[in-house]
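Student: Hi! I'm new to this one and would like a friendly walk through it. Can we look at it together?

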Amino acid sequence: MKTHATLLAAALFCAPAALADDAPVTYIDHVRPILQQHCFTCHGPDKQSGGLNLSNYAALMGGGSAGEIVAPQDPAGSSLVGVMDHTRTPTMPPNQPAIDAAKIEVVRQWIAQGCRETADSAVRAPSRPAVDLSVGAPTMGRPEGPPLMPRDMPLGTIVQTPRPGAVTAIAGHPWSPIVAVAGQRQVLVYHTDTLELLGVLPFELGQPEVLRFSGTGRLLLAGGGVGGQSGGVIVWDVESGNEVARVGEETDAVLAADIDPMHRFVALGGPAKVVKVFDLATGELLYRIEKHTEWITAVAFSPDGILLATADRNGGLHVWEAETGAPFYTLDGHDGRITQVAWRYDGNVLASVGEDGQARLWEMTRGTQVKVWGAHGGGTQSVAFAEDGRLVTTGRDRRVKVWDANGNLSREIAPFSDVALAAAFDTHGRHILAGDLTGRLLRWTPVEDADEQVDLDVNPAPLAQQLAAWSGRESAAREAYSQAQAQHAGSAEAVAVAQSSLQEADRQLAAAQQEVDRRRQAMEQASAIVAQQAQQRDTARGQVSEMTARQEQAQQSVNALAGQMRQAEQEHAASVAQRDALAQEAEQARAAAEAARQAAEQSPDDAALQEQAQQAGQVAEEKSRQLAEQEQRVQSAAAQVEQSAQQHGAAEAALREASAALDPVRQQLEAAEQELASVTGMRDQAQQALAQAEQQVPPATQRQAEATQQAASAQATHAEREQARVAAEREHALAARRVAKWRAAELRLELDALREELAQLRAAEHPAVLVDEEAALALEGVRSQLAEAEEALATGPQRVERQQVRVAEAQQQVEDAAAELARRQQAATQRAEMLASHRQAVEALAQQAEQAQGDELVAQALEQARAALATLEQASSNASSSMEDMTFDLEDAQFEHESAVAALDRLHEEIAGLPTAIEALRAEVALHEQAKQQAAQQLAEARAPGDALEARLNEQLPRYVELRAAAGFEVGGE
């Protein structure tokens, strides 16, 4: 054990030197010792739980029954790291705490460096991407939810050159307001609305020649390299800026490349005249297309991922099945180099442009050309679709042109100073980003009556210069903001004073108007009272007039009725006199008639008397009738007199009543006239007061107008200063965000350096960790041996007693087996004698049967005797076998007894030597404890630099998070 520990310690002490010299971490030198110590029990050469063997490099890289456990260059995607640091299940070692973090860091660093077997081994390429690339069905429309934006793209690796390079490629994000622009050995990512630089992605392969966002917008591809030397494709995650994959190891620059919408394939091509299609996840070459006869200048997957379009500089344009590379269409038409192809968003139309200056549209139902037009004189350099079907092209005529979906020119920009190389729409089609051969990068926004043009920097300053510039701008903006705030505060005070004056003027005007209203109300009330009193006076006057008229009418009625009454009395008196005369005449006529009748009766034959008597009777009757009529006239006249008297009396009563009612009404009239005179005076006074109050309103109105004008002027000044303050605040906030952004980028570089240094320190700790663990294991082993020895000494008497019992039991088994063997031997002797007797009897019966042939009884007896003999012989054979077994049992019992006796002797010897062994083990424990203390101290000393550095790192992380929040990275910029 000591020899093994010494060799292991020597191997471990060799590791820090290798790590310190920046030598790669390898399986043989660094990882296998860790796995041997913690994992070989279950996953070693003798046992492979889950089909996993970690004891040799090939088996480890092959994985187990659950698949691969190591993903080269992707520690986070390697389950080996996850089960060791207990972030994945099942945790390893099982049912134990996680192993030391320094050891896990060594394994993580080994994976990150490419899983070398030895220092001379090649680095393994990533077997799968660092992010989940699955997307399901291809995206054919704008996705729901907020736009995907860069949240933590690096900014600190800016390459600045004395002169900007040509803008060789531009890619607009399909769904978010960002654009990728090819720079010099880098890719710049800008916000298309705010024009803020969101990230700088290093392209170490050389010059980016092509940029493409995936259909989902999650990935950004750049292809390029160094002409005639090398080339390849790099794919990044748009949100984090992390590299997802590198595809292709070309011997020349990649001129064309694309990702299919489902993140399965990467197609690339260049001067080799071959289109290569790789598996994005594994980097494996899936198939090659060798149809082209010239350099590959354009490749593009259709939006549904079904087709792949490729073109070359000889005018060759082909469409293939994306999954298999099988031919689909050959599109003939271009004469000369095809510079770019682009798919319409629905995937039904393919656009192609080339050095022949033509732009062509191809439909995919039959593979026919549906439109062709001359786009640019001298050659067309690029083409890109907007979501609504418009196209933008650039050309050697230095112009950028926008075409409608039918190929009709709708807008064009003033020419660049050199060849316009690339252009793309932003996600909403509002802006067009375009660049030329001189390195000018322009955002062009076509509007109704004019064009808005803003230049972007394709050659941005490095981080330190950006931070210095924005820090200066932030200081100036802060000073301007302070001044604007002071001016704003002054104008606010002026507004407050003006508002106070205005309020006072408003109050005075309101008071004057209120007084006018009050006086007017009082005057109106007085006028109402005057009108009421006048009405009452007029009413009294009317009543007096009415009463006077009634009195006069009553007097006239009395006078008239008095005359009528006198006339009635006169008429009544005349009627009475006429009645009396008629009564007398009637009486005389009756008397005459009576006399004539009597005379006639006396002389019935005297016709003359008879006639006289008849005439006298008629005269008497006429007079009686006349008298009756006159009597009626008398009664009528009397009634008329009575009626006239009553009417006269009533008229006199009415006259008296009218005369009595007239006096109070006259008194009321006098009172009403007096009250009217009084309230008319009050009304006149109220009218004077109203006139005085109305005279106070114009000055108050003038003061209020002046105060309003002053307040409006102060408010306008305050509004101007508020706008200036807001603008200054906005400028300061922008500068502060940009300062925070660049400070965060600067701090990220420091943190990355600290992390790298920390990884090296943690790796350097590894030997001390192993020595400490080895010391701990050795100490634990010796302590375990000491505990076992002390327990053995303490339990010695009991173990001796138990062993003596086993010896006695074994002796008894020997004796029992010997007795049983003797009994069986005696029985065997008896069975032998019986067997001999039965054989003799059988022989005798056989002789008798031979002599007495045909005697059935003898024959039967012979058969029975022979059967009994066979049974006896079988029993004798079984008994012999049982006796042999018993002999073996006896030998086993004797051996067991001898072993038990020997074990008892050894136990005595062991117990006798335990005190000495215990003393030796105690001394060894003391030595191991001292070694453990020394190892722990060495480990603490080895960990101290890493702990201090990790503390620094942890102190800086909150500041980094704070700066990123201040810079607005949570929403991907402003």
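Tutor: Let's start with a term: an axis is a line fitted to C-alpha atoms, for helices over the stretch in contact, and angles run from 0 to 180 degrees between N-to-C directions. Helices (H or I, at least four residues) and strands (E, at least two) are DSSP runs, numbered from the N terminus. As for the source, this is a predicted model, where local features need pLDDT of at least 70, side-chain atom pairs count only at pLDDT 80 or more, and totals for chains, interfaces and linings use all residues. Residues are numbered from 1 along each chain as its sequence is written, and side-chain values use heavy atoms, with hydrogens and water left out.

Student: Okay, so at what angle do α2 and α6 cross?

Tutor: At roughly 135°, and the axes of α2 and helix α6 (residues 101-112) come within 10 Å. The two are therefore oblique to each other; angles under 35 degrees count as roughly parallel, over 145 as roughly antiparallel, 65 to 115 as roughly perpendicular and the rest as oblique.

Student: And which hand does the crossing of α2 and α6 have?

Tutor: The crossing of α2 and α6 is left-handed. That term applies if the near helix is turned anticlockwise from the far one by less than a right angle, and right-handed is the word if clockwise.

Student: How does α2 pack with α8?

Tutor: Helix α2 (residues 27-38) and helix α8 (residues 607-794) have axes 12 Å apart and an angle of about 25°. That makes α2 roughly parallel to α8. Here too, α2 passes α8 in a left-handed crossing.

Student: Switching to strands: in what order do the four strands of the open sheet come?

Tutor: The order is β5-β6-β7-β8, with antiparallel pairing. Two strands pair if DSSP finds at least two bridges between them. At the edges are β5 and β8 (243-250), each pairing on one side only. On average, neighbouring strands of this sheet are turned by 15° against each other, direction ignored.

Student: Is strand β5 largely enclosed or open, and why?

Tutor: Five of the seven residues of β5 (residues 207-213) are buried, so the rest of the structure largely encloses this strand. Buried means under 20% relative accessible area, exposed over 50%, and partly exposed in between (1.4 Å probe, protein chains only).

Student: How many bridges link β5 and β6?

Tutor: Six bridges, in the antiparallel sense, with β6 covering residues 219-226. Pro208 stands opposite Gly224, and Arg212 has Leu221 as its bridge partner. The two strands form a hairpin with five residues between them, and in the turn Gly217 has a positive phi of about 85°.

Student: Which residues other than glycine have a positive phi?

Tutor: Arg185 is one of them, with phi near 60°. Arg185 sits in the loop between β2 (178-182) and β3 (186-191), and is partly exposed at 41% relative accessibility. Lys273 is another, at about 70°; the loop that holds Lys273 runs between β10 (265-269) and β11 (275-279). Lys273 is partly exposed too, at 35%.

Student: Where is there a cis peptide bond?

Tutor: Between Met92 and Pro93, with omega about -10°. Pro93 lies in the loop between α5 (79-84) and α6. For background, most residues other than glycine have a negative phi, and most peptide bonds are trans.

Student: New topic! How many aromatic pairs does a search of the whole structure find?

Tutor: Six. Rings of Phe, Tyr and Trp (its six-membered ring) pair if their centres lie within 6.5 Å; planes under 30 degrees apart count as stacked, over 60 as edge-to-face and the rest as tilted. Phe328 and Tyr329 have ring centres 4.6 Å apart and planes at 70°, so this pair is edge-to-face. Phe328 is partly exposed at 36%, whereas Tyr329 is buried at 17%.

Student: What about Trp373 and Trp403?

Tutor: Their pair is tilted, 5.5 Å centre to centre with 50° between the planes. Trp373 is in strand β20 (residues 368-374) and Trp403 in strand β23 (residues 400-403), 30 residues apart. Trp373 is buried at 9%, and Trp403 is buried at 5%.

Student: And which residues form one aromatic cluster?

Tutor: Tyr27, Tyr57 and Trp110.
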